[in-house]
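Hi,

Here is the structure I promised to send over. Please have a look at it first, and then read on for what turned up in it.

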Amino acid sequence: MSLEKTKNPWVTLLGATLFIAMSVNLYLIFQFAPTERSMGHVQRIFYFHVPSAWVAFLAFGVVFVASILYLWKRDRKYNMVANSAAEIGVMFATLVLVTGPIWARPVWNTWWEWTPRLTLFLILWFIYIAYLMLRQFVDNEERSARFCAVFGIFGFVDVPIVYMSIRLWRDIHPSPVIAGGESSGMHPDIRVTFFFSLFVFTLLFIFMLIQRLRLEKSVVAVSDLKKEAALAA
Amino acid sequence: MMRIFYTLAISLVLTISFAFAQVPRLVHYQGELENAEGELFTGTTDLQIGIYKSPRAEKPTWIEIHTNVEIQNGIYSVMLGSQNPLKLSFYEYFLEAKSPDFESGARRKMIVGSGYNYRLGFLFSAYTIVWVAIFLFMLSIFSRQKKLINELGLIGKLQKEKASA
Amino acid sequence: MSKIAAILWKDLLSEFRSKEMVISMMVFSLMVAVIFNFSFPPGSEFIKDAASGILWMTFIFASLLGMGRSFVYEVDKGCMQGLMLAPVDRIVIYVAKLLLNLIFILIVESITLPLFSIFFKLDIWTDLGAIALVIFVSSLGFAVIGTLFSAIAVNTKTREVMLPILHFPISIPVIICAVQATSAIFQGEAWSVIWGWTRLIIMFDVVFFIVAFWTFEFIIEE
């Protein structure tokens, strides 16, 4: 039972890089990137709205892979990875759902529009909230790991299916509000800012996942020790 | 799970208080002055700009007078909020420009499109939510981690004491 | 095959004796339909457009109620151990439970539907074949997901609440397509439109069944 008390130099390096990259990103978003003509400054939400969505997808993809690996190898660490990634994913999905309406209100003149992407994120959010609830409501650790793995696989397989059905559903009832496409003919400076932002958010996700995983390991270590102590007593 | 709820709740509260603080802002506005026949005005005139809650509302929500505005082919541009502080909340409004020298017949313009740049509040609130939420999330992870390490040390100590006794 | 039939027969027999499940599902679904009726002003024309949505909400709530119970007896009365000890594949248990749930849901739906058509003044008889097809494939989809998740939910602390929370977000595609298909039928649209949605539901059923097929054995392991 070894707990990493000493800091891993690579993680520290990653944290430092992240700090610098985030500062640069701040400059790029608010100074370097040109103001979009039709939407004005509010378009800058794009540089953290879309990367948040990307991180959420990435996190849920990690949950999916870790779930399969868990069912296959039965190694506890995959379960820990899945749990950590799911929590981070739900957080970023929530951020997508919060920043989306903030963007939509001035641009489309409505807080909420049932566009395929927004709807998909809402459903995705429900799926992974259910995932986290399932984890809390099963007492046995091994059992909760198995159930969550199954649900994690189901949830991720469901994503393309949900998207397809929402798309068709919207096509039948076309919305009067057609928003300007997000990537239609991007200005080169916008593109640079966007991809840098995407990179920063990915880095952030890796950093958060490492930290969350460390916490998960400590939680498991403490609960194991407590169980041992209880058995000994 | 609870961590996410706390994090987001706190960041939402912080951000909403920030976003709804209505700071007066300047808005650059470019409009067109024409009469009912579609004729455009050219020359220098005073303009009274009013913002209304609906196309037919009689009482303006906000009003401001710009003197000696130069107008070329009906096109004028003014800085809204430069004479009278502009404090509006998020919803759409209707703008009407009146001139004593020219009978304007144009309908009120809804200000929500490109001319209306009163949107920085949205941008900043979104940005704040994102970073405050991420920051609080990390903070909660670190603080919990610290507590657990302490607990772990305590358990280890107890076990050692037991073993020696 | 005979193993599936044996488990299915056991469950059907116990249900025929008590009739608990089917009756409570039926009463529940009728009540949901009646309550939805009050959510519209009397004589409202909206009800015609909303009818297929109400129909599906009724069916979904009733089937969740039924499916939530499908493993409760096994777990509470310790029959699960018996089932697990039986020399059959885990997947046989799954298919038997799936068929049982499907039968219950279909019985309830076939009784609710005519009453529904009377309450809401809907014509279901001209396109009965199409409606039956859509209802069958969608119910299959619900049962495929619901049987798997009820095996999960029965082991959680909050059984009755957990099943809908797990089930709804995953089954949204089926719900969307089912509502669209039935409303297309009620509005007398071309068969190609109806078949387009139905085909999608069949596809979802297949995908969900494959995933459930591979993952069910991990759920009832111990």
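Let me start with a helix pair in chain C: H2(C) passes H6(C) in a right-handed crossing. Please keep in mind that this is a predicted model. H2(C) covers residues 20–38 and H6(C) covers residues 90–119, and their axes come within 10 Å and cross at roughly 30°. With that angle under 35 degrees, H2(C) is therefore roughly parallel to H6(C).

Which residues of H2(C) and H6(C) meet? From H2(C) they are C:Met21, C:Val22, C:Met25, C:Met26, C:Ser29, C:Leu30, C:Ala33 and C:Val34. Among their partners in H6(C) are C:Phe104, C:Ile107, C:Val108, C:Ile111, C:Thr112 and C:Phe119. By class, the contact of H2(C) with H6(C) has 15 nonpolar and 2 polar residues, with no charged ones.

Next comes a pair within chain A. Helix H1(A), residues 9–32, and H6(A) have axes that come within 9 Å and cross at roughly 150°. That angle is over 145 degrees, so H1(A) is roughly antiparallel to H6(A). The crossing of H1(A) past H6(A) is left-handed. Here the contact holds 18 nonpolar, 6 polar and 1 charged residues.

The third pair joins two chains. The axes of H4(A) and H8(C), the latter being residues 159–186 of chain C, come within 9 Å and cross at roughly 150°. H4(A) and H8(C) are therefore roughly antiparallel to each other, and H4(A) passes H8(C) in a left-handed crossing.

On the chain A side, A:Ile123, A:Phe126, A:Ile127, A:Ala130, A:Met133, A:Leu134 and A:Phe137 take part. They meet C:Met162, C:Ile165, C:Leu166, C:Pro169, C:Ile170 and C:Ile172 in H8(C). How does the contact of H4(A) with H8(C) divide into nonpolar, polar and charged residues, and how many are there of each? There are 13 nonpolar residues, no polar ones and no charged ones.

Helices H3 (76–108), H4 (116–137), H5 (141–172) and H6 (188–232) of chain A each give two or more residues to its lining, as does helix H1 (2–19) of chain B. H6(A) has the largest share of that lining, with 7 residues.

In total, 24 residues line the second largest pocket, and those nearest its centre are A:Asn83, A:Arg135, A:Arg212, A:Glu216 and A:Val219. The lining of this pocket divides into 8 nonpolar, 6 polar and 10 charged residues.

Happy to talk any of this through.

Best wishes

How values were computed. Residues are numbered from 1 along each chain as its sequence is written. Chains are lettered from A and ligands numbered from 1 in the order in which they are written. This is a predicted model: local features need pLDDT of at least 70, side-chain atom pairs count only at pLDDT 80 or more; totals for chains, interfaces and linings use all residues. Side-chain values use heavy atoms; hydrogens and water are left out. On a 1 Å grid over the protein atoms alone, a cavity is a set of points where a 1.4 Å probe fits but cannot get out, and a pocket is an open set with protein on both sides within 12 Å along at least five of seven lines; lining residues have an atom within 4 Å of a point. Helices (H or I, at least four residues) and strands (E, at least two) are DSSP runs, numbered from the N terminus. Ala, Val, Leu, Ile, Met, Phe, Trp, Tyr, Cys and Pro count as nonpolar, Asp, Glu, Lys and Arg as charged, and the others, Gly among them, as polar. Axes are lines fitted to C-alpha atoms, for helices over the stretch in contact, and angles run from 0 to 180 degrees between N-to-C directions. Angles under 35 degrees count as roughly parallel, over 145 as roughly antiparallel, 65 to 115 as roughly perpendicular and the rest as oblique. A crossing is left-handed if the near helix is turned anticlockwise from the far one by less than a right angle, and right-handed if clockwise. Contact means heavy atoms within 4.5 Å.
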